[in-house]
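Here is a short report on a two-chain model. Keep the sequence and the 3D view open while you read.

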Amino acid sequence: MKKEFTRRDFLKLTGALSGALLIKPDAASAYKEFSGWPDAYGCLTDLSECVGCRSCEKACNEANGLPQPAIPFDEGSVFNEKRRPDARAFTVVNRFTDPRDPGKFIYRKVQCNHCNEPACASACPIHAYEKTPEGAVLYDPAKCFGCRYCMIVCPFYVPAYDYESALEPKIVKCIMCYPRIKAGRLPACVEACPAGAITFGKRKDLINLAREKIMRNPQRYVNHIYGEHEAGGTSWMYISSVPFEYLGFPTNIPKHPLIEEVKGFLGAVPVVFTVWPALFGMVYAAVKHRDELFKSEHKEVKK
Amino acid sequence: MRKTLLISILLFFFLTLLFYQGAGSVSYPKVILLNSISNKYTAVKFNHEKHISMSGGCSQCHHEHQKNESLICKDCHNLTPALFKNSVHRNFMACRNCHSEFNPQVPQMPDLKAAYHRACFQCHRGMDVGIEPKGCSGRCHLLKTAKTERRSP
């Protein structure tokens, strides 16, 4: 007697098939060792050199044609609160109390860190972001439709939304003065810094420079280059005289690009939505066809 | 053997004496006008004499031969300490000879502005720099305005 194709058999078969298909997305993670463009530029901020003069903020404001801030650049009261970059300032300097000496201050400049494999670019549904071979992460306002996924996904809370114009939504952030870099000039903030606290150069040279600085002055620096590995590596890196958690740096960021957290799942989505319907549809059609054949045969027998 | 040792000790003694005298006879500038990058501010009148008495020696601001610094200039100009000292004291090299524009190919070398400021900030940071952002024009710089433009040299 011929065995009926039960519901259980159907689930077994499809389960095995879909399991086999799910192996495929793993092959997509073969390029996960991407560690950035080889000749990418970057900046190294030596936080022990920064004196909090805010020349970088002023230079950034002028270079990008931003509106005058509510609190002038030579006003100290701005340090009373911790600010973050927004549509009116692509870089801000925040003040922290030195954990070793409460009477002293340490300043931290915040701007886009220009990740090697940027989470904002991965999350953007319409590729409005681009990681250039020069290192800068650029954003195209013409493509953006204002979903703000990039704001949610950025581990450094950098992209900001321009609420100034309701009709033309756009995300704003530091672009490492890309046009200036292309013209062979330094980013505006780097050029303006009186203390030379920001060094511009090839990312690989900057890592060597940072290592050398730490090695020569082990009592001055903590042995950590922030941005060398954080989020898979960033173009903008920092060295500091105190551990980075004292300066408001997020220290829970994985050492791999954030896209890898979701790559497996996202790789499975097209498979699930294209292959599964076709496969199950085919199995269903085959089973239905066989049942119809079976029934018609029975009917013929009865007759 | 003993003779060579004696000669070398004597030679060392005399050489030390010679260079000590050489160092003693150097005339240091008293007040220096730092005006090479004064596009925004007026020239800084730097009281060199006063700073010599307060600093812990020339090497606090200037490169000195006995400091075991890793300087890129040493790649080519690998002078012996004596020669270096002699040349520096006879013919002082201005900071801007090497510290000019920042070059990303040589990121370890600060430009002139950074080199100056770093020298100042090692002590002045916390005194008046780094407390309030307007410390700059309080002590050293005067902002160039129509008024100061006329007064500045």
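## The contact between the chains

The contact takes in 19 residues from chain A and 19 residues from chain B. Two residues are in contact if their C-beta atoms, placed from the backbone, lie within 7 Å. On the side of chain A that touches chain B, β8 (198-202) and α8 (203-216) of chain A each supply at least two residues. That side has 9 nonpolar, 5 polar and 5 charged residues. Ala, Val, Leu, Ile, Met, Phe, Trp, Tyr, Cys and Pro count as nonpolar, Asp, Glu, Lys and Arg as charged, and the others, Gly among them, as polar. Helices (H or I, at least four residues) and strands (E, at least two) are DSSP runs, numbered from the N terminus.

This is a predicted model: local features need pLDDT of at least 70, side-chain atom pairs count only at pLDDT 80 or more, and totals for chains, interfaces and linings use all residues. Residues are numbered from 1 along each chain as its sequence is written, while chains are lettered from A and ligands numbered from 1 in the order in which they are written.

## Confidence in chain A

pLDDT is the predictor's confidence in each residue, from 0 to 100. Its mean in chain A is 87, and 90% of the residues of chain A reach 70 or more.

Where pLDDT is low, the predicted coordinates should not be read in detail.

## Helix α8 of chain A

α8(A) has 14 residues. From first C-alpha to last it reaches 20 Å, close to the 20 Å expected at 1.5 Å a residue; the expected span is 1.5 Å times one less than the number of residues.

Which residues of α8(A) are buried? They are A:Arg203, A:Leu206, A:Leu209 and A:Ala210. A residue is buried if 20 or more other C-beta atoms lie within 10 Å of its own, exposed if 12 or fewer, and partly exposed in between. Seen down the axis, the buried residues of α8(A) fall within an arc of 115 degrees, so they line one face of the helix. The arc is that of the directions from the helix axis to the C-beta atoms. These buried residues pack against β1 (41-46), β8 and β9 of chain A. On the other side of α8(A), A:Glu212, A:Met215 and A:Arg216 are exposed.

## Chain B

Chain B has 6 helices and 2 strands. Buried residues make up 9% of its 153 residues.
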